[in-house]
Amino acid sequence: MRCWRNAHDGYHWIFRARMRVAILVPGLAPYDAVSNDTLGMTAALRALGHEVALFAPHAQGIAEPVHPPTAVEHWLRSPDDVVIYHYCIGWDFPLALFRRTKARRVLRYHNITPPEFFVGWSDGYVAACTEGRAQIGEYAALACELYLGCSPFNLEDFTARGVDPARCRVLPPFHHVEDLLKSPTDAQRLSHTDGAPQLLMVGRIAPNKGDMDLIDALAVCRQTLDPRTRLLRVGKLDPNLERYGVAVREHVRARGVEDHVLNLDNAGTAELRAAYAAADALVMLSAHEGFCVPLIEAMALGTPVIAYGSSAVAWTLGDAGLLWDTPDPYLVASSIARLHTDLTFRAMVRELGFARYRSTFAPEVLAGGLRDAMAQLERSRV
Amino acid sequence: MSAEPSDDYFERVKAEIRAEADAARLRAPLPRKDPPPSDAAERPSRNDGVDRARLDYAIGELTGPHYAAFVENAFRCLLKRAADEPGRDAQVRLLAGGASKAEVLGNLRYSPEGRRIGTRVRGLLPRYALAKLTRVPLVGYAVEWAMTFAGLPMLLRHQRAADTQAAAGLDETRAALAQLTAHLDRQGADQQALGGRLEQVQQDVGSLRVYLEQRAETVEGRARALEIRSDKTETLLRDLPELRHYIHAINHWSVSLQRSFADVESTAAADAERTDALIASMYESPDATAEREARFATWLSLLADRLPENARVLDLGGGDGSWIARLAERGAEVSGFETNRFLAERARLRGLDVANGDPFAALTRYADASVDAITSSSTAIGSGDAIAHWFEHARRVLKPGGWLLFGCAADPRRFGDLLRNRAGAFEPALAGAALNAAGFAVDAAASRALRDAVLAQRA
């Protein structure tokens, strides 16, 4: 029987009894990447025939029953059950749970921004990120049955701390890109039709997102390419990072690009889609990303990507865009110029993006990856 | 358009972009502007309700509020700032998970940030230590059980106090409910009044709708009239291409006609030129020259003595200047006009003042009583009734007592007069009668002595 199972890993999973899977997450809210991954994973597991329940301290706008975290241990009845924790901040409760539970433990790691990025901008963020990253070592020491990273970059945090690579697996996050593809467009706030180059950045305004380099790139574009060049900035500023927001606004003023930055801080799906359609490229100069969902949104929607290949960005983008080893504003400006004027090259980059999205990040690919991960988990019990 | 991925092509484009970026960096360097250092960034307003000067609390001062308000107050008192979202969420989750307030306070107070600030909270340390002790497996459970058991009397007291507080709260709630009911009643009355106003507004809206319908009918009528006018205009516009065609045709005909006239005029001018050349050749013949010389000699003998010294003489149709030359030799100031271009040219070559042009037109331009004599070979007179006009101007131009020598000889230019339908040479007797009738006094004796000419004096 053992030999049969080893020889037919792809099939024996089908005949296993369904598992009970508890998913624990720090919070659930619409338009949140971790929430999208949690809900997508829930749906995929249910499609595989498993019983799934969600546990979170708070949830808003989620059409799904969510239980309090304290109920998770009562819900887990058997050592064959599975608990998946979406690790993205410091939280003692899951760490204690993982220490005492007999169920199989899956650590879904979204990464935590290093606190160095927030030094001088927010003491609270520094404390929270320090606390969050301090738990990486403790989770590594627990030897969980599976470490499920959103990217190879994320898993390095655990392999560097001695976790067996055989317990590690990459599964890109579930996402709502297909909803974005089906969405109508709302371009009311993007009514420029003068043919000027447009840069797009999607993501919250935070010190690790490369906002200063992005503003420099816009200034260089205006100097060397077209003085009408604009930046479409989709994303919010956390009130706790107001000091950083002030510094960004000051930099915008110093570069003289105040009238060329369009902030879309409360963009809905339709407006986000219109922004991708209007842009010459998504410019991602972030210095730290655990995965970077906007990259796959751009690839799926046919918007070329220009990116600084930091952290997980290089893996997520792969060869499907213009990836540079530095956030040099001149490289960005020249890349924009090429994409704006060379339609053959632009079409090629778009095709590469479509292909990478379909081959690596399409929902059916992610569901297959999750099925394989659960099969690996199953084998760990054998 | 093919967009087949090609690593070589992709890398080549990237190399080109890199080269363009290097060139752009040299061409348009970005002014150095370091982002403002974070510490130098403007601090948020200090009017945030945080008492930064106070660093000493009793634990009871911090445990009054509940849930999120408790956490927010703890951040402000212990970390001297408002709670950030991740930090607040983490502590709220602890409370929701059954942690004591002392544990939350201890977490903040003994965090790296809290230790750096160093706020003193009297009574916190032992409670925090106990809270942490309860987290130790087995031992923690026993300690928590013992503490709970030991605290039962106090718990009972708290329970009774809570009952009392709840009862008081219930009374307050009832009173508030009564106030709310009264308020709702007032709202109901207001709503009724509002309903009355709403009906009035609806009536106004009805009147406005009627007015708008009337206006709409007026506009519709005007639109129909405009449509009819538009149809008429359209009909006219349909005829416009045909009209344009006619105008183009007329224009074409007009241009053709102008070209024909120009051709005719050009041919006539060429013919006149050739005729003048022929006459000039005839004029040179020996017989004509001899006859002319004899005639001029006679004319000069009869006229010269009648002219004052330095007399001013106008000659009309004087030929090649041989007659004018004779007068000039006698001291007269002579101006001549000759229709034949070739003869006029010959006269000018002799140094005489002779212009090529219409003699009669020249006569009409001369001032009144401005010359002492007019001499004419008669070929200078136009056709038809122009002779009377000619005499009239001659009389006007001559000074009182001035002389008119009116030639009637049939010299070679007579040929041109015949061709051009001019009056040409007259019979001397007839010319003399005409001059008498025109206000001149013909010198009969002299006229008889002259050959083919009449000499007359202005009366």
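**Chat about a predicted model**

Student: What does A:P115 touch, leaving out residues up to four places away in sequence?
Tutor: A:P115 touches A:V126, A:C129, A:T130 and A:R133. Contact means heavy atoms within 4.5 Å. This is a predicted model: local features need pLDDT of at least 70, side-chain atom pairs count only at pLDDT 80 or more, and totals for chains, interfaces and linings use all residues. Residues are numbered from 1 along each chain as its sequence is written, chains are lettered from A and ligands numbered from 1 in the order written, and side-chain values use heavy atoms, leaving out hydrogens and water.

Student: Where is A:P115?
Tutor: In chain A, in the loop between β5 (104-109) and α6 (123-141). Helices (H or I, at least four residues) and strands (E, at least two) are DSSP runs, numbered from the N terminus.

Student: Is A:P115 buried or exposed?
Tutor: A:P115 counts as buried because its relative accessible area is 12%. Buried means under 20%, exposed over 50%, partly exposed in between (1.4 Å probe, protein chains only).

Student: How far apart are the C-alpha atoms of A:P115 and A:E131?
Tutor: They are separated by 9.2 Å. The two residues are 16 residues apart along the chain.

Student: New topic. What is the phi of A:C292?
Tutor: About 85°, a positive value, although A:C292 is not a glycine. A:C292 sits in the loop between β11 (281-284) and α12 (293-301) of chain A.

Student: Why does A:C292 count as buried?
Tutor: Because its relative accessibility is 5%.

Student: And what about phi of A:A143?
Tutor: Near 50°, also positive in a residue other than glycine. A:A143 is partly exposed, because its relative accessibility is 35%.
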